[in-house]
Amino acid sequence: MTTLGLAGLSLALWTAWLGWDQHRDVHPDGTTTGPYEAWQVIGLVLALLIPVYWAASRRRVAEAVLGTTAGLTLAAYYDWSDDSTGLFMVGVTMVMTGTFAATLVLSLAITATKGNGGRSPYDLPL
C-alpha cells in the first residue's frame, strides 16, 4: 500500500468513525461536550492500528507515518474548517503532531520487534 493509499484509508476511517457526528451534546447544567464520543475516537484509533501494523511490519515506516498523518490531518482540516473562531487550526496541528508522533513510535516498535520484516529466511527476494 502506498502513502497515498494509507492517506485515503485514514481519511475514509475518519469519515466512518467521526464524520457523521457533527452536533454537540448540551447537558442539563448547560455545559456542552462533543461532537465526538470517546468510543468513536477509540474505534478510529483501533481501526488505524491495522493498516499501520501492516505497513510497518513490511518495513514501510515512512508510508505508515506519512500516509496516516496526511489522511487524518486532511480529514480534521475539512471537518473543522467551518469553525468561526479560527482556532480549528490549533486542533488540526495537534492532530497532525500527535498522529505523526504516535505512528512513528508505533511503526518503529513494530519494525524492531518483527526483526526481518515478517519474512521467512527461506523466502526468495522478488
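Here are some friendly notes on the predicted model above, point by point.

1. **Ground rules.** Residue numbers start from 1 along each chain as its sequence is written, and side-chain values use heavy atoms, with hydrogens and water left out. As this is a predicted model, local features need pLDDT of at least 70 and side-chain atom pairs count only at pLDDT 80 or more, while totals for chains, interfaces and linings use all residues.

2. **Confidence.** The average pLDDT (the predictor's confidence in each residue, from 0 to 100) is 86 for the chain, and 89% of the residues score at least 70. Among the elements (DSSP runs numbered from the N terminus: helices are H or I of at least four residues, strands are E of at least two), helix α3, residues 61-80, has the highest mean at 94. Strand β2, residues 32-33, has the lowest, at 72.

3. **A stretch to treat with care.** Where pLDDT is low, the predicted coordinates should not be read in detail.

4. **T68.** Buried or exposed? T68, in helix α3, counts as buried because its relative accessibility is 2% (buried is under 20% relative accessible area, exposed over 50%, partly exposed in between, with a 1.4 Å probe and protein chains only). A polar atom of the T68 side chain lies 2.7 Å from the backbone oxygen of A64. Leaving aside neighbours within four places in sequence, T68 is in contact with L6, S10, L48, V52, E63, T99 and T103.

5. **T69.** Next along helix α3 comes T69, which is buried at 8% relative accessibility. The T69 side chain reaches the backbone nitrogen of F100 at 3.4 Å. Not counting residues up to four places away in sequence, T69 touches M96, T99, F100 and T103.

6. **A75.** Helix α3 also holds A75, and a relative accessible area of 6% makes A75 buried. Which residues does A75 touch, not counting those up to four places away in sequence? They are L11 and W14. The C-alpha atoms of A75 and A12 are separated by 8.5 Å, although the two are 63 residues apart along the chain.

7. **The largest pocket.** About 340 Å³ of space lies here. (On a 1 Å grid over the protein atoms alone, a pocket is an open set of points with protein on both sides within 12 Å along at least five of seven lines, where lining residues have an atom within 4 Å of a point; a volume is the space filled by probe spheres set on the points.) Of its 18 lining residues, L44, V45, L48, L72 and T99 are the closest to the centre. The elements giving two or more residues to this lining are α1 (3-19), α2 (38-57), α3 and α4 (88-114). The lining divides into 14 nonpolar, 4 polar and no charged residues (Ala, Val, Leu, Ile, Met, Phe, Trp, Tyr, Cys and Pro count as nonpolar, Asp, Glu, Lys and Arg as charged, and the others, Gly among them, as polar).

8. **The second largest pocket.** This one has about 230 Å³ of space. Its lining is made of Q22, H23, R24, P35, Y36, D79, W80, D82 and D83, which divide into 3 nonpolar, 2 polar and 4 charged.

9. **R59.** In the loop between α2 and α3 sits R59, a residue other than glycine with a positive phi, near 60°. R59 counts as partly exposed, at 42% relative accessibility.

How values were computed: A polar contact is a pair of N or O atoms within 3.5 Å; within protein, one must be able to donate a hydrogen and the other to accept it, and residues adjacent in sequence count only if both atoms are side-chain atoms. Contact means heavy atoms within 4.5 Å. On a 1 Å grid over the protein atoms alone, a cavity is a set of points where a 1.4 Å probe fits but cannot get out, and a pocket is an open set with protein on both sides within 12 Å along at least five of seven lines; lining residues have an atom within 4 Å of a point.
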